[in-house]
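Open the model in your viewer and keep the selection tool ready. This tour gives you one stop after another.

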Amino acid sequence: MSPSLETFLDEGLANLKEKGLYSTIDVVEGSNGAIIEVDGEEKINLASNNYLGFATNLELIEAANLATEEYGVGAGAVRTINGTLAIHRELEEKIAKFKGTEAAIAFQSGFNCNMGAISAVMNKDDAILSDELNHASIIDGCRLSRAKIIRVKHSDMKDLEEKAKEAVESGLYNKVMYITDGVFSMDGDIAKMPEIMEIAEKYNLMVYVDDAHGSGVLGGGAGTVKEFGLSDKVDFQMGTLSKAIGVVGGYVAGSQKLIDWLKSQSRPFLFSTSLTPGAAGAVIKAIDLMENDPSYVEKLWDNANYFKEELQRIGYNIGDSQTPITPVILGDEKLAQEFSKKLIENGIYVKPIVFPTVPLGTGRVRNMPTAAHTKEMLDQAVRVYEKVGKEMGII
Ligand SMILES: *Cc1c(COP(=O)(O)O)cnc(C)c1O
């Protein structure tokens, strides 16, 4: 007899708990700002992706409210029936202009954007060269396309060149794509865009950059591709509207032809109801703010640089991050978990990140300083890091 659902769940849950892979989920009582309330206590929040503080920005909230009043709470249909409201068109024009491309397409999330965009272009006759540290949504999007997936060593340009050459010269594949995160979320390192583009040009690879952690952070907010002056060279500039932009949604910016294709072939666009008008309105305001006021991005970097220097000064290993993402690398997995628990008890909310999310023996806690933190909050966090680190014999 095949096992019942209940048996499957009982065994599965017990197995997860035994391996330490079952995580309980904390509930934040109010908004996800620089200070959050968890279990009735206020904590300095260093765990969100809310880089610019936009998730709680009053101008974005007002824009969301205005758009909701004008267009309603829901779009009412999928984009290709009649769920494309004027505010969606405005949003896509805004994204394209900001990214420096001809056009853009918006999705309901970054995750479903990767599911929809990769599989709309690549198929079983193709090959995708994929950085081994790419985000789960890229991996799933590649799988869904049924293209041959060729893993490339992380940011290793020699490995990329060898594998690109092999894939192209084998004659086994029709199209070949290279896909990479723009900024890698666990270490904060940036994809080597100029070298990537050289190799891509040599072997005629399509290039897809997922800039979830670069948008709103690099290139004055416009992202990693802009930072390197490659806006007209990278085929797919994918990103999310949920991290620095503070709202929800995903997008691809690229040529008009590419966007025309995605709008007719991308399944989440065709079969899932469009972004809410409120979300679209808030994102338009977020891009407005980044275009007209560099202080948000500047404050993010000032805070991040200050926080990194202070953590290093008191003796922590913060890796080689090139962006505000600030890992504190401890090594041992159990130690990372214990350390995070102590920090949270002392009012600093940071999460442990351990194998298999990062390689074995590189357990860490990851800090995300934002533009919304004050210097006093960061100083308080550093004091706690110093106290807990000394108590636990880490520094
Ligand atoms: C967070 C993230 C996504 C998913 O974006 P959502 O909008 O949260 O669905 C995709 N790619 C990368 C690299 C990410 O970090």
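Select H135 and the ligand. A ligand nitrogen atom sits 3.4 Å from an N or O atom in the H135 side chain. That is a polar contact here (a pair of N or O atoms within 3.5 Å). This is a predicted model: local features need pLDDT of at least 70, side-chain atom pairs count only at pLDDT 80 or more, and totals for chains, interfaces and linings use all residues. Residues are numbered from 1 along each chain as its sequence is written, and side-chain values use heavy atoms, with hydrogens and water left out.

Next, T240. An N or O atom of its side chain is 2.7 Å from a ligand oxygen. Then pick F111. Here a polar backbone atom lies 2.8 Å from an oxygen of the ligand. The ligand alone exposes 380 Å², and the protein buries 85% of that (Shrake-Rupley areas, 1.4 Å probe).

Now show the whole shell. It has 13 residues, and G110, F111, D210, T240 and K243 come nearest (a heavy atom within 4 Å of the ligand). Two are nonpolar, eight polar and three charged. Ala, Val, Leu, Ile, Met, Phe, Trp, Tyr, Cys and Pro count as nonpolar, Asp, Glu, Lys and Arg as charged, and the others, Gly among them, as polar.

Move on to helices α5 (residues 110-121) and α10 (residues 256-265) (DSSP runs of H or I, at least four residues). Their axes are 10 Å apart, at an angle of about 105 degrees (lines fitted to C-alpha atoms over the stretch in contact; angles run from 0 to 180 degrees between N-to-C directions). The pair is therefore roughly perpendicular (65 to 115 degrees).

Finally, select A117, A120 and V121 in α5. They meet L258, W261, L262 and Q265 in α10 (heavy atoms within 4.5 Å). Six of the contact residues are nonpolar, one is polar and none is charged.

Technical notes. Helices (H or I, at least four residues) and strands (E, at least two) are DSSP runs, numbered from the N terminus. Angles under 35 degrees count as roughly parallel, over 145 as roughly antiparallel, 65 to 115 as roughly perpendicular and the rest as oblique. A polar contact is a pair of N or O atoms within 3.5 Å; within protein, one must be able to donate a hydrogen and the other to accept it, and residues adjacent in sequence count only if both atoms are side-chain atoms.
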